Each structure stands twice: as C-alpha cells, then as structure tokens.
Amino acid sequence: MVTGRNGGSYRVEREILDEERLEELSQRLNISQRRTPLSYRLKNAIRCSIPSLKRRVVGCLPVLYWLPRYSIWDYGMPDLVSGISVGIMHLPQGMAYALLASLPPVFGLYTSFYPALVYFFFGSSRHISIGTFTVLSIMVGGVTERLAPDAQFLIINGMNLTVGLDTTARDLYRVQVAAATTVLAGLIQVILGLVQFGFVGTYLSEPLVRGYTSAAAAHAVVAQIKYIFGLSPTRYSGPLSLLYTLVDVCSLLPNTHLPTVLVSGVSIIVLITAKELNNKFRKKLPVPIPVELIVIVVGTVISYYTHLNETYNISIVGEIPSGLQPPTLPNTNIFGEVVVDAFALAIVGYAISISLGKTFALKHGYKVDSNQELVALGLSNTVGGFFHCYSVCASMSRSLVQETTGGKTQMAGVASAVIVLVTVLKLGPLFQELPKAVLSAIVFVNLKGMFKQYADIVSLWKSSKIDLLVWIVTWVSTVLFNLDMGLGASISFALLTVILRTQRPRYSVLGHLPGTELYLDMETHTEVREVPGITIFRSSATVYFANAELYLEALKQKSGLDITKMITYKRRQEAKQRKRERRAARRARREAKRQKQALRAASQRAKGSVFSVEEKMGQLKEMSGDIVQEENLSWKVRENSTVFVMPETPRNSWVYLKGTDPETTTLGSMSDLQDGDITTLESSSEDTFSRDLERVSLGSLGKWTWDIHSIILDLSPANFIDIVAIKTLRNIYHDFGEIDVDIYMAGCQAPVVEQLEQGGFFSDISKDSLFATVHDAVLYCLNNRGAGTLPSIEITSYEKRVDMSTTKL
C-alpha cells in the first residue's frame, strides 16, 4: 500500500516477470549496444561535417573558444595585474629552481618563458601558472648529476694531478641531458593524451602525492645545503644517495664557510618575516609584496658594491647571457638512458597540474579536459626542450597568486611571460653578482608548505590507517630510492592496498527498515528487522577472482549453513543407499530365481494341489525336529532385507523393514514403523528403492534443521564480474539448491548482467532469479515460499523501470 500526500492509499500491482519477458526486455535494453559492422564505424569516423570539424579544432585549441569572447574591459586589467605579479615571481623562482636542476640560473628563466606561451594555445585551464616547480626540478637534477657528474669534467695536468673543474663543459652537457629528458617526457605526455589516457593521474592519490612531495622537499633541502653552508660535498646517485650525501655533509660541517652562512641566514629571516606579513595583511593588500624579487635585487646590489665574491669568496651566479638561445635538436642518444626518468617526470608533472587545474575549474565553474591537459603539457615540454628548457608543470604558489590577484584567463600567463622575456633580453646581466646563497634561501623558504605536510601523519592516523601507510611508504621509498624509483614503488604499493581492500571487503546481512523499501546492515542499524526465512547478503566490493572464494566463505558464515559438510553428509548417505539398492537388487534376482525353481518343482510334485505357507512351515518343522509352542511360532527368512512374519491377527499384512542390515533385522508391528519405512509385499523391491533414492533430501536425514528458504545476493556494489566470479555464483546456486534453499540476485547493473550472459551463466540458471532491487526479490520470496507479509511500500516493477529507461533512450 502507498500513502499519498492527501492521506489516501492505493495499491501498486507488480508483475513477476517470466523468462521470456525478461529476455524480451534484455533485447530492448541492448538495442543501443548492438555491434555495428566495422565498415560502418569506419565510415562514421571518417565522415566530417562543419560542426564536427569545428568541435574538434576547438577541442585541440581551447584558446579559440574563449579568446573570441574575451572582453578587454572586464578581463584586461585583472589579467595584466595578475600577470605582472606572477612574472615577478617567475624571476627568482626560475633562477633558484635551476640550481635544483643543477643547471645555470638563466635556463630557469628560459623554462619560465617558452612553455607558458605554448600552454596559452593548448591548455584548458585558465588559472594555473606553467613553469618551474620544485619537485620536477629535483627530479631533473637527479638525472643531470647522474649522467654528467663532476668527476667526468675534472681538469688533469700531465702529472695526473687534478687542477680544477671544467664547469663550462659540464654545464653544457647537463643542459643537453635536461633538454633530451624534457623532450622525451613531453612526447610521452602527448601520446598518452592522444590515446585518451588522461585517467592515469587518478592512480596518484592525495596521500601518495603529498608524501611524495614531502620526500622531494627533503631531497631539495639536502641539495641546497652546500649553497647555504658553502660546502662542496661529494655527489652521489642511485639508491641511498640522500643518506650518503647527509653523512658527507655532516663530516664537512667543520669546514663551513661563515660569510655564506651569514648571507643565507639573513635572507631566510627576511623572507620568512616578509611572507608572514604578506599572509597577515593579504586581505588589505591589492597584490602581494614581491618579497623574493626585492631580496634578489637587494642581494645583488650589496654583492656588487661590497665585492662579496672577491673579498669573502662567496659563490655568485656568474655570467648570464643576454638574449634567447636558438632552438637545437635534442641529443637522441640520451633517450635510452633517461626513458624511465622521463616517464616519471611525465606522470608526476601531469598529476600536479591536473589536480590544480580541476580545483580552480570547480571553483570558477568551467571544465578542464584531462586528455587535453596531457597534450598541452606535453607540447609545452616538447617545444621547450628544443629551446633548452627543462620539465615544467603548474606551480602551486604562482597559481594561487594568479588566481587571488584577479586573473581570469591565460592572458595572465602571457603577461608573465613578457616580464620574463624583458628580463632575459635586457636585465639578465644585472643579476650576475647575485649570491647563490640567496637563491638557496628562496628555495628553502618556499619549501615551507611542503614541510607543513608532515602534519598529515596526525590527521591520517585519525581518519584512515591505510592512507597513512601509503603516505609513510611513499615518503620512505622516495627518500631511500630517489624520486624515480620511489615513485614506482609508491604507485605499486598504493595499487596493492586497493587490491587488498577489494579482496577483503565488508560482508553484511541486511534487514528491512519497517515502513520503507530500504535494507540496511543489521550490525550497524538496530532499527532494521530480519525478514523471516530470507537472508539478504551483500559485499561492499565487486566480486572478482581475488575475492570470489572469500565471498563464498563469508556467505556460508553469515547464513549459518555449513553447506560443505551438509552436502558431503547428504552425498555419503546417497552413496550408502545406492550401495544398499544394488545389494537388494542382486538378492531380489536370486530370490526370484529360487522361487521360480521352487514353484516349478512344486508344480511337478503336486499337480493341481493348493500350496499354502502354513503347510509348508509344518513340513519344514517336522523335518528339522524343532519343538516350539504354537503361540510362539516364528520363522525368519533373511533375503532381500525382507522379514516374513507369521501373522498374529488376520488384519496384519506382510511387511518388510528396509534400510537395515539383514543380519540385524528385528521384527516389529505395523504401529512401530514409519510410513516411509514400510511397503507391502506385493510391490517390487527394485522400484521401491529407486523411488526412495529420489526422495532423499538433507532434511529427511534428520541431522540438520534450518529456517532459511531463500538467500538474496545484493550485487549493487559490483560494477563488473569475471569468469571466476561467474563460476562461484553458479556453484552457490547449485550447492544451496541441493539443500532446498533458493538463491536470487538483486541490483545487478547492466554491464554485470551482460557479462553474466556472455559467461553462459543463464544457460542452466533461470533469469527468474534476477531482480532489479532487493525489495522486488523479497516480495517475490514471500509470495512464493514465505508464510508472512512484509509491511513495506511497493515500488515500480522491473519491467516498468526498463520501459521508462528505454523510452528515455
């Protein structure tokens, strides 16, 4: 009964669908999924119209979508202010992060210019700032230092004595390594984007990314210690290189260069103080104060007028060439050595960019295409690699500044690129006297946000132990095995946790919430009630090869039926009864043969006489010489498990006891026997045992009793099913069917039903056991085998739901 808003009630009739009707509805649902010929699909793919061509071009070049609608009055000034602010940040960060990549600072400026222009045309995000980033700079630095270590560029005189280091040749080769790695990473991103592989970034969960960036911050700090303390530690590469470097730095601490430490300390204190003031008064300031640029300018001026390099031997940036470098082809011979690093750069850079892009898109109400972002980022890296740039992605700090200062579109990125271009063309030589310690201080302070991520350990401990384990394993593996191998180990472990969690899901028995059609976990919801005679079983994860056996074991446990022992006992009893049947059949044939011979002999001796059992018994007693009282006369013939009994009263009939061994058979009266244990003498023994074998059921054996007549499998959480799970479900149907328990499935999604059909599941199992919802299955069970009723709201039948879905199509 359904109660309407006006207080009235009415009944909704539901139809129980038979197999033919379900097959018809299934065919109607599969109309849109029928396979079309290959030639037809190729023709549709090649066919091109003006609207479809326009959509494809706009999809490849998103700038064509928003640029014609660009309003200078509405967006021009906010984008200009935002672009100038971001461009000012590009200058110090580009030069500082180039040191992390073990490259001359000017190449950080190149990296801040070319990729931003390429992304302007192909990117779909309007707020992220493309350029140098801490993590990618560290990863590139690991590659350049591994393939171009200082030991390969030592200057040795004729007496085999080391004179110095050829920094020019070293830096030139490192630039080639960085450019080749960047081009290869860009090509990988473009290919992944073209094959619609944008979902790859989803495998990098937030705990994994935050743990990875925290470990990368540790690598960045160790890499900058030599500039902050003025040391020259030995460069290590490969696993445990971070630990080796720390040990070497600690051994060199007595040789700390005090003037360098003083410059670093003052710069760090000024930067931290100014950034805190910026954060405190950010609501009152129209744009953030460019603290980093101010520190660079002041540091350069002080170094120039006090001659810090000549007087105190403080390391400075050195020569910065004016103008742009001409494009060159990358050194393809390096590709084979850096392909793993390039793939890691491609995945990490894309994951960081798409996460930032989707965050801003959700906030401002537009869409970011994952595959297009891969292509845009790949083209930015590929084109940038030809112009001596290294790998880029979206920067968290610059993107936040671009968004908070009012940036509306990627025109802000163009404005920031113009600021960098002016610096490279005209202002670059002015920063030649800048101390490297100032740049290291900028890197160190900018890592503050990553240091705060260690607080994730406390929050994850309270929320999710599995995510905490992913964070810790990611951090440890990245610190110990470097960034490339650490990323692979982290992803592998994260996927392993997913497999383990789906292999060990939560299994529950559902109960009915009175007055509704809801079915909830009985362990967590005390207000639900068990449906009499029905067990509703649900797994929190899909059923597949990794947990199919566990699913079956959990079903046995939750239903309270040890199906294995029950079926084993039943089959053992059936085997014993078949053995008794064969033995009885052989004895029956021998007895029939004896009787036939006896009748033939008797007919020859007494032709025409009447034979009675009483007379024959008297003759045999006389021959044996036995003297027995007349009232106690009895004679047992143990053949074919049959006991012949002397009738005590005329109303008793000839009976036999079955199911016992002939040697232990005892006499009894009809009143002492069960109906299933007796038969008349006139019936055939062989036919009787055949019928008894057919009637054997586990309940008649008397060892177990249970009150469950139906089990409903709620498969609504399953989004796919494989062949192993199909076999498991088929075994569940057959095994529980042997103990007279019906199995039904409810809530199957359309792909799951299709996979069941393709796996031949319905070849020996009727589709009548398939229901749209758990409530439909419960009502069906109560209608067919249940003794009670369910106080619930009846819902639309499965057929009507299918009709509604097909009409919408």
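Which residues does Ser125 touch, not counting residues up to four places away in sequence?

1. Ser125 touches Tyr119, Gly357, Tyr366, Val368, Glu373 and Gln410. Contact here means heavy atoms within 4.5 Å. Take Glu373: C-alpha to C-alpha, Ser125 and Glu373 are 8.0 Å apart in space, yet 248 residues apart in sequence.

2. A note on the basis. This is a predicted model, where local features need pLDDT of at least 70 and side-chain atom pairs count only at pLDDT 80 or more, while totals for chains, interfaces and linings use all residues. Residues are numbered from 1 along each chain as its sequence is written, and side-chain values use heavy atoms, leaving out hydrogens and water.

3. Where is Ser125 placed? Ser125 sits in the loop between helix 6 (106-122) and strand 3 (130-131). Helices (H or I, at least four residues) and strands (E, at least two) are DSSP runs, numbered from the N terminus. Ser125 counts as buried because its relative accessibility is 1%. Buried means under 20% relative accessible area (1.4 Å probe, protein chains only).

4. Now the whole chain. The chain has 30 helices and 12 strands. Of its 809 residues, 45% count as buried. Among contacts between residues at least 6 apart in sequence, 78% join residues at least 24 apart.

5. Helix 11 (residues 258-280) and helix 12 (residues 291-306) pack at an angle of about 150°, with their axes 10 Å apart. Therefore helix 11 is roughly antiparallel to helix 12. Roughly antiparallel means an angle over 145 degrees, taken between N-to-C directions on a scale from 0 to 180 degrees, with axes as lines fitted to C-alpha atoms over the stretch in contact.

Terms used. Buried means under 20% relative accessible area, exposed over 50%, partly exposed in between (1.4 Å probe, protein chains only). Angles under 35 degrees count as roughly parallel, over 145 as roughly antiparallel, 65 to 115 as roughly perpendicular and the rest as oblique.
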